[in-house]
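Student: I would like a close look at one part of this model, the place where the two chains meet. Please walk me through that part, then set it in its surroundings.

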Amino acid sequence: MLTLSHLSKSFGTMLAVDDVSFTVKPGEILGLIGQNGAGKTTTFRMILNFMAPDTGTILWKGHAITTADYDQIGYLPEERGLYPKMTVEQQILYFAQLRGRNRAEIKPKIDEWLERFQVKGQRTDKINALSKGNQQKVQLIATLIHQPELIILDEPFSGLDPVNAERLEEGILWLKEQGSAIIFSSHDMTNVARISDQIVMLRDGQVVLSGTIDEIRNQFGRTQLFLEAPLAPEILAKIDGVSRVTQHGKRFELTLADETVGKTVFDLATQKGYILEFSQQAPTLDEIFRMKVEEGRV
Amino acid sequence: MFKFKVIFKQVFLKNIKSPAYLIMILIPIVTLGITLSVSRLMNHSKEPVRIGVLASQPAEQTELQQLKDKTYQIDQQITTQAQATKALQKEQIDGYLLLSEEKGQTISRYYQRKDSPSFDASILENQLNQIHLVTLAQQAGVAPEQIQNLMTPTVIAPVTINYQNGHQEISRENTKEVSQIISIGITVLMFIFIVNYAGMIAQEIATEKGSRIMEIVLSSVSIEIQFFAKIVAILALLVTQIVTYILVGIIGFQILKQSLPLAELLPVIRRALVAPAMWYAGIFLIIGVLLYTVLAAMLGAAVSRMDQVQQAISPLILLGTLSYLGGFLLASQTDMPMLRVVSYVPLFSQIMLPVRLANGDVGTLGASMGLLIAMVTLIGLTYLALLVYRRNILVYSDKGIFKALFATYQQHKEWHQ
């Protein structure tokens, strides 16, 4: 289990990480979200011992992370880096050896992983002969092939098309099943919502959201309403408690100040009988993300 | 130790297979090959000229045919002027000497073709004069022992004197030639090694840093293991280069000894190999390259992008060039007090002290002191380089290399306050 307690780090006068705490258990996925410069990479760097926190502690299995723990870690940096003149096999074996694995142990697994991520290329191909997307997949394989217990992925989905992003999701979920504790950062809330067990959102280095997706969404109440009824948008906008009305063809999307306003809208919409759609939901993660970013600007 | 080996092997194999490393190894071999070829051509033009010798008296003719020197070779078959003229025309000889009596005087004439190789007749002249003197002395009834004394030439033997701590030491043999070879060899090779290996490590580190591979590597191994594995791999490349030259030297000597007058070089090489200057130069070479490599690693870690590497290591190359120039100056001029002091300063001493030792300008005690200072500096600089490496290796800043180095200093000061 990885535990971060009251972690802070500043660079000069800038507070990059401010009193951050969270826990990731084995077999659990934590999605770390936030705008660029929110403190995600700095947090990763402190976990990896690249820099020391000013205050707070990081514990892995109850002790501070040392070089002895490095072999249990898989790390994918935000900016990818491979040796262009190495072959796919040499590259994967080199990084695996740096994680303390023998060539003989990793070599038989390479084809299986290349297949898992559908890499277009042979293990004997040079890295610079592969397309950018395939290079990224090789980098992911090199990060995960030694089946680390703690996996840190900085923006793993960036640059991947939806098909490959789905394959990566499958790969991450497979490692979760194997018992790995996984932290990843992403700007794509769809991926985050789909695979994260819990989410932490950072803004200006501080935790502004924390919990499971349901917990976070429920904090905001069912304030999003989707409606298809024979009403004019002006009438909907005049309802007390409706803060925004957006029309998409015959369909309306309403933002409510309070979820109890939904009943007033329902009664008005069903005055003349049957309506095609009435769906009152909590805001999506994407919407919550935007709201929190907006809050920070105010 | 396993991860140290993994990084060592990767750095060593990657560089040894690179065209740049092969070119670096080949350039001195090719240069030496060209030099030997040119000298061979020059030696070819210095082959002894083929001459005929003719005298009016048969006894004199026989005496002339006994003459020997490496500058000419006498064709014993030619005994008449007709034979000589014919042989000269057919280019069987390059010229012939004709001694004739005219009015009681012996006149010597040397006939040659217009295109004959140039022949320095002064040696032959001296030999003829000696014969003439011996004849005159015999006619004057001088005793054979006195004639022998008269003919013994005066030879000036050069003696080299070294002044050590006010005492003079006379070398048992003339080592000037050996000293010159060692001095120039040390200066040139040391400069090539320093510039190439310093550039190689800085490039190696900056490439990994710039491509973010460094982050993956440093999440797998400690900074110390990675740093020292790279330095040791560079040292292994240096040793490989030296061993390659030794092997090429041995093989080349065996192949070329038939066609080139290399036997003359053997005593010089033997003397060079046992000379203390050679061994000190070897140790200074390792320490010197390590000093520059460690500093280059430190500078390589301070850059953010690959294109900043040359700018970062330029002060180091400047230092190397200055020590190179110092080495050349000391090879010819040893009485410059400032250079004598500078020769003990690390980063300069690796070239200048072995040159001074080879010239006999400094003794083994002085060289040992310089070596000790360089070793202590190497330990200190390694500590400093590791500090800067740790602070900068994952920091990407556009503020410049020297600001990054200054930031390290500031941070270090804060930690110790």
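Tutor: Contact here means heavy atoms within 4.5 Å. The model is predicted. By that contact rule, 23 residues of chain A meet 19 residues of chain B.

Start with area. An interface is often sized by the accessible area lost when the parts come together. Between chain A and chain B about 2000 Å² is buried, and carbon and sulfur atoms give 61% of that. On the chain A side, Phe50(A), Tyr83(A) and Leu98(A) lose the most area to chain B. Together these three make up 29% of what that side buries.

The rule finds three salt bridges across the interface of chain A and chain B. One of the partners to look at is Glu215(B), which forms a salt bridge with Arg45(A). Their closest N and O atoms are 2.9 Å apart. Eight residue pairs are in polar contact across the interface of chain A and chain B, with both residues at pLDDT 80 or more. Helix H2 of chain A, residues 88-98, supplies four residues, the largest share of the side of chain A that touches chain B. By type, that side of chain A divides into eleven nonpolar, six polar and six charged residues.

Go back to Arg45(A). Arg45(A) is among the buried residues of H1(A). Just after H1(A), Asn49(A) takes a positive phi of about 70°.

Gln10(B) sits in helix H1 of chain B, residues 2-16. Gln10(B) has a relative accessible area of 9%; the cut-off for buried is under 20%, so Gln10(B) counts as buried. Leaving out residues up to four places away in sequence, Gln10(B) touches Tyr83(A), Met86(A) and Tyr94(A), and also Glu204(B) and Glu208(B).

Next, the surroundings. In chain A, UniProt (unreviewed entry) places the feature "domain: ABC transporter" at residues 2-229. That stretch of chain A is 32% helix and 29% strand, with its end C-alpha atoms 50 Å apart.

Chain B has 16 helices and six strands. Of its 417 residues, 41% count as buried. Among contacts in chain B with a separation of 6 or more, 70% come from residues 24 or more positions apart. The UniProt annotation "transmembrane region" (unreviewed entry) covers several spans of chain B, including residues 20-38, 181-202, 227-256 and 277-300. Residues 20-38 of chain B are 100% helix, with end C-alpha atoms 27 Å apart. Residues 227-256 of chain B are also 100% helix, and there the end C-alpha atoms lie 43 Å apart.

Thr293(B) lies in helix H11 of chain B, residues 276-302. Thr293(B) counts as buried because its relative accessibility is 1%. Apart from residues up to four places away in sequence, Thr293(B) touches Tyr197(B), Ile201(B), Ile231(B) and Ile234(B). Ile194(B) is 99 residues from Thr293(B) in sequence, yet their C-alpha atoms are 7.7 Å apart.

Definitions and conventions
Residues numbered from 1 in each chain as written. Chains lettered and ligands numbered in written order. Predicted model: local features only at pLDDT ≥ 70, side-chain atom pairs only at ≥ 80, totals over all residues. Heavy atoms only, no water. Buried area = accessible area lost by both parts, 1.4 Å probe. Salt bridge = Lys/Arg side-chain N within 4 Å of Asp/Glu carboxyl O. Polar contact = N/O pair within 3.5 Å; in protein donor to acceptor, adjacent residues only side chain to side chain. Helix = DSSP H or I, 4+ residues; strand = E, 2+ residues; numbered from the N terminus. Nonpolar A, V, L, I, M, F, W, Y, C, P; charged D, E, K, R; others polar. UniProt positions renumbered as here; feature names shortened; annotations may be inferred. Buried < 20%, exposed > 50% of the residue type's maximum accessible area, 1.4 Å probe, protein only.
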